[in-house]
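Here is a model to go through by question and answer.

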Amino acid sequence: MTGSQFWMIWPENAMLSALILFVIAMPFLYAARKLVHDFFRSVGQMVGGPFRLGARWLFAGARDMRERNKAVLIAHGREEVGQLIEREFERIGALVTRDLEGYPALQRKLLEEITKVEEDYKKCGEVPPSPPSWVEAVTAITKVKSDGNEMVQRILEEIKRSVHTIHDKAIGEYRRAYESRHKILNGFMPFWRSLDKTFGQVDKKLTGLQDTSSKIDAQMEKYEQINKKTDKAEHALTVSAFTQFAIATLVLLIAAGGALINFKLIALPMSEMVGAGDYITASLRTSEVAALVIIFVEATMGLFVMETLRITHLFPMIANISERMRRRMFWAALIFLTILAGIEAALALMRDMLIADKQALLQTLAATQQAAPADPLLARIPTVGQMLLGFILPFALAFVAIPLESFMYSARTVGGAALVMLVRVFAFVLRVLGNLVRQLCRVLITLYDVTIVIPLLIERVVKAARSSGDEAAESRPIKRAA
Amino acid sequence: MTKRLLVVALFGLLAAGSACTDQRSHSHAVYLLVDTSGTYAAEIKKAQVIVNYLLGTLQPGDSLAVARVKTRSFSEKDIIAKATFDNQPSRANVQKRVFREQFDTFVKTVGGSAYTDITGGLIQGAMFLNETGAGKKTILIFSDMQEELDKTTIRDFPIKMNGIRVVAVNVVKLKTDNIDPRKYMGRLEAWQKRVEEAGASEWRVINDIERLDALLSKS
């Protein structure tokens with residue numbers, strides 16, 4: 001009998017041996033049933049309990065984190081909207097100062113023009129002189145009967161001639177009077193135009209003011225929502241932060257591409273300055289690190305330029321310094337940046353020269369027929385291009401400060417939301433595990449009962465018989481009593 | 001006081017910086033043994049190709065030496081040209097041009113030798129490479145690997161080549177090898193055994209000089 005067969009009651013028949021052993025063990029298993037059940041329950045409690053407790057703790061932690069994130073988000077949103085409102089008010093202030101400051105002068109001009117127009121209008125209202133009263137006398141004379149009297153005829157003709165002369169004169173005067181009135185009316189035109197223009201200006205300015213005030217209204221509404229800490233405001237701020245994060249990440253990636261090109265431009269010539277044989281790590285040369293340092297210093301200078309221009313607000317210290325100091329700092333950072341850009345342009349030129357030298361050496365070593373030299377103008381284009389790139393890239397990198405600020409601020413919200421989600425997922429997993437352990441213990445209890453099903457059946461039968469016996473015993477005295 | 005503090009801080013930073021740098025040598029030192037004995041002297045043009053390849057491949061800070069294998073090769077006088085290239089790439093290029101000229105002059109004036117002392121060349125090469133303190137050390141043997149010593153020369157003792165790669169280049173077959181190829185195989189195996197027993201990190205044979213990229217890289 002080998003060592004692994006020592007338990008076999010029936011040698012060479014494992015199944016039968018196991019069955020016999022099981023039958024022998026069954027009474028003991030039945031006897032230990034309650035204990036084993038308690039044991040499984042205890043194990044379930046022991047393992048599942050901490051899981052559930054951990055899950056509850058993590059859920060509570062996630063809730064706290066969410067509240068804290070919300071508070072930070074709301075505070076940041078409030079600050080941002082507050083700044084926007086402040087800026088809009090500043091704009092309105094500038095508008096009012098610029099446009100409405102001249103309003104009294106504008107009003108005076110308007111009043112003067114209106115008075116002038118009124119006066120002219122009054123002049124237009126002056127009627128021409130009325131016909132003389134002798135018209136009635138003439139009417140009376142025309143009623144005189146001449147009866148062929150020559151004297152009367154002559155008098156009448158004389159009167160007719162005089163009347164014609166006077167009529168022509170009156171007509172002439174009327175015409176002159178109307179002509180002068182037309183001239184006055186014609187003179188109205190520039191005033192009307194001026195009035196129209198002035199009113200147009202007033203209208204435009206007032207419309208601009210109205211637009212700005214409606215913007216302020218919208219921002220104020222947002223501000224109120226944030227102040228009330230509504231879910232809508234929180235949702236809007238979160239979405240905005242996610243969008244900002246995505247855009248900032250994209251722009252930073254583009255900037256990283258630019259930095260990489262920059263690095264490639266200056267890494268080789270830096271080896272001429274700091275040597276090509278020194279290593280920081282097994283694969284990182286000192287010259288490469290020096291090139292990286294230059295790029296980082298440029299980015300930092302760009303950051304300071306943006307900070308001192310108050311475009312970004314990453315350093316409260318810079319925001320709080322005096323105006324004079326700020327201006328000095330701006331110029332210092334700008335000068336450093338320009339010097340570094342100049343150095344980069346020089347390094348780009350050196351790179352081109354080094355590559356050309358190396359190329360010439362390789363051609364000599366290859367001992368092949370040397371290619372005809374390229375057109376000097378054509379050969380200069382890449383050199384000039386590299387130099388320009390070397391000079392421009394540091395300034396372009398300076399603008400990284402703007403997306404960097406957006407990234408930093410939005411990363412807090414995005415990172416917080418991601419952390420909350422992670423904690424929740426972890427809590428959920430713990431909860432599932434806790435439940436799984438408890439359920440597993442229940443399954444084990446049932447399985448245990450299944451293995452000792454025969455003693456349990458016997459127990460049930462015995463209990464049933466005993467209870468029927470008891471019932472019979474109880475019913476007998478009742479019958480007797482009855 | 002503030003100035004003093006600044007100076008101390010600066011020195012501290014410099015010390016930290018120097019502590020951070022990798023003190024191990026990353027340079028590569030190559031020692032090329034060129035066999036000029038007997039009929040193999042005719043192969044010298046191929047050696048020129050190898051030297052040119054090495055000059056084009058080695059970086060600033062690397063070292064290169066070319067020595068000839070003749071009747072007795074354990075001598076500094078047998079080194080035709082040697083240089084440790086400057087850390088500045090432009091100066092290194094100038095050194096490479098000078099090196100090439102030196103080797104070209106040697107090629108024009110080279111004459112054959114009666115015997116072939118490869119072992120002496122290997123000992124000299126190992127000494128040179130160890131002196132450079134380079135991180136990677138390679139000996140290239142441009143030879144048919146048929147060692148022939150005169151009666152007075154003693155080379156039958158163990159040699160030390162710890163951490164050195166040994167590459168046999170352009171190992172041409174001799175007439176006797178063509179009759180019985182086992183001789184060629186046996187010769188190479190014997191050299192491999194000797195070199196590995198000497199502590200060499202790698203033994204390699206490259207016969208196709210069109211595949212020189214394998215010269216400096218580990219297999």
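The axes of α6(A) and α7(A) come within 7 Å and cross at roughly 130 degrees. This is a predicted model, in which local features need pLDDT of at least 70 and side-chain atom pairs count only at pLDDT 80 or more, while totals for chains, interfaces and linings use all residues. Residues are numbered from 1 along each chain as its sequence is written, and chains are lettered from A and ligands numbered from 1 in the order in which they are written.

Q: Why is α6(A) called oblique to α7(A)?
A: Axes are lines fitted to C-alpha atoms, for helices over the stretch in contact, with angles from 0 to 180 degrees between N-to-C directions. Angles under 35 degrees count as roughly parallel, over 145 as roughly antiparallel, 65 to 115 as roughly perpendicular and the rest as oblique. The angle here is roughly 130 degrees, and that makes α6(A) oblique to α7(A).

Q: Which hand does the crossing of α6(A) and α7(A) have?
A: The crossing is right-handed; that term applies if the near helix is turned clockwise from the far one by less than a right angle.

Q: Which residues of α6(A) and α7(A) meet?
A: Contact requires C-beta atoms, placed from the backbone, to lie within 7 Å. Among those that meet are A:F263 and A:I266 in α6(A), and A:L292 and A:I295 in α7(A). The residues of this contact divide into 11 nonpolar, 4 polar and 1 charged. Nonpolar covers Ala, Val, Leu, Ile, Met, Phe, Trp, Tyr, Cys and Pro, charged covers Asp, Glu, Lys and Arg, and the others, Gly among them, are polar.

Q: What makes α7(A) oblique to α10(A)?
A: The axes of α7 (residues 286-308) and α10 (residues 376-398) of chain A come within 7 Å and cross at roughly 50 degrees. That angle makes α7(A) oblique to α10(A). α7(A) passes α10(A) in a right-handed crossing.

Q: How do you know that the length of α1(A) agrees with its number of residues?
A: The expected span is 1.5 Å times one less than the number of residues. The 18 residues of α1(A) should span 26 Å, and the end C-alpha atoms are 26 Å apart, which agrees.

Q: Where does α1(A) bend?
A: The bend, about 40 degrees, is at A:A25, and A:P27, a proline, follows within four residues. A bend is the angle between axes fitted to the seven residues ending at a residue and the seven starting there.

How values were computed. Helix = DSSP H or I, 4+ residues; strand = E, 2+ residues; numbered from the N terminus. Contact = placed C-beta atoms within 7 Å.
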